[in-house]
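These are my notebook entries on a structure that I looked up residue by residue. The model is shown first, and the entries follow.

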Amino acid sequence: MDQQTLVPIENFIFDGVSQRLSQCFNCYVQYSDAENKTLEFEKIRKKQVKFPYLFHNLISVQSIDDMYNNGVLARKGIWVNRESYNVRSSVRLLYTRFEMQATYYTNRDAGTDSVLFFMRRWLFARRLGYLKFNVNYGNTKLACHIELSESVNHPTQPSEMDAMPVYAVESTFTVLGYMSEPAQVTRPVLTKIKTATYVGDNTMVKPEIKDYYWNIKK
């Protein structure tokens, strides 16, 4: 049984989260767990990106064990590749809950691209499910759901970030998705079946060999 490596599915999920956040809040989005945000701000300004910015980072991960087919996905995985008619590759998956934090930086308290804009948009996105998306992984499309926190903290006053007043609006959200092992397992696939028919006094009719070629969707 050969093993090859594949980019883990969580990498695509994190990219999908960034894209959906950017589309929903119409701002620059970056994954960042750096404690010193000043350096991150300097990098962004060099790209000539204007306010607002949104940073998000991972807090914790947890296995979702109450899904009905979680054990099957962990043991057998999903098909991701077809090398020939009789060889296919699979990757093991695990339903996972990602706890994440979002921090929205803006220089406005009200109006367009402001603190109040973000808070209002956040609550509507939570209620109407604006942030859900799908991930195409191998030959399979998998749904990812984002559950936003029901509250958003309003900053009492702007902080000084590199001598510039900046409001930092924080909240948390949960991504219901998957993690995968990078090892890609190649297995043989059944393509021929030998059948035998018996009639009367158990006399065997000439055995047949049937070929089966499975139609695998791309």
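**Entry 1: Backbone in the loops**

I located Q48 in the loop between helix 2 and strand 3; helices (H or I, at least four residues) and strands (E, at least two) are DSSP runs, numbered from the N terminus. The model is a predicted one, in which local features need pLDDT of at least 70 and side-chain atom pairs count only at pLDDT 80 or more, while totals for chains, interfaces and linings use all residues. Residues are numbered from 1 along each chain as its sequence is written, and side-chain values use heavy atoms, with hydrogens and water left out.

I noted that Q48 is not a glycine, yet has a positive phi of about 60°. I then looked up its accessibility: Q48 is exposed, at 72% relative accessibility. For these entries, buried means under 20% relative accessible area, exposed over 50%, and partly exposed in between (1.4 Å probe, protein chains only).

I found P52 in the loop between helix 2 (37-46) and strand 3 (53-63). The peptide bond that leads from F51 to P52 is cis, and I recorded its omega as near 5°.

I next turned to D113, which is placed in the loop between strand 6 (93-106) and helix 4 (115-128). Its phi is positive, near 55°, in a residue other than glycine. D113 counts as partly exposed, at 21% relative accessibility.

**Entry 2: Cysteines**

How many disulfides does the model have? I applied the rule that a disulfide is a pair of cysteine sulfur atoms within 2.5 Å, and the count comes to zero.

C27 is buried, with 8% relative accessibility. C144 is buried as well, and its relative accessible area is 0%.

I placed S151 in the loop between strand 8 (140-148) and strand 9 (159-160).

Which residues does S151 touch, leaving aside its neighbours within four places in sequence? I found contacts with W122 and S171, where contact means heavy atoms within 4.5 Å.

I also looked up the separation of S151 and E170: they are 19 residues apart in sequence, and their C-alpha atoms are 9.6 Å apart in space.
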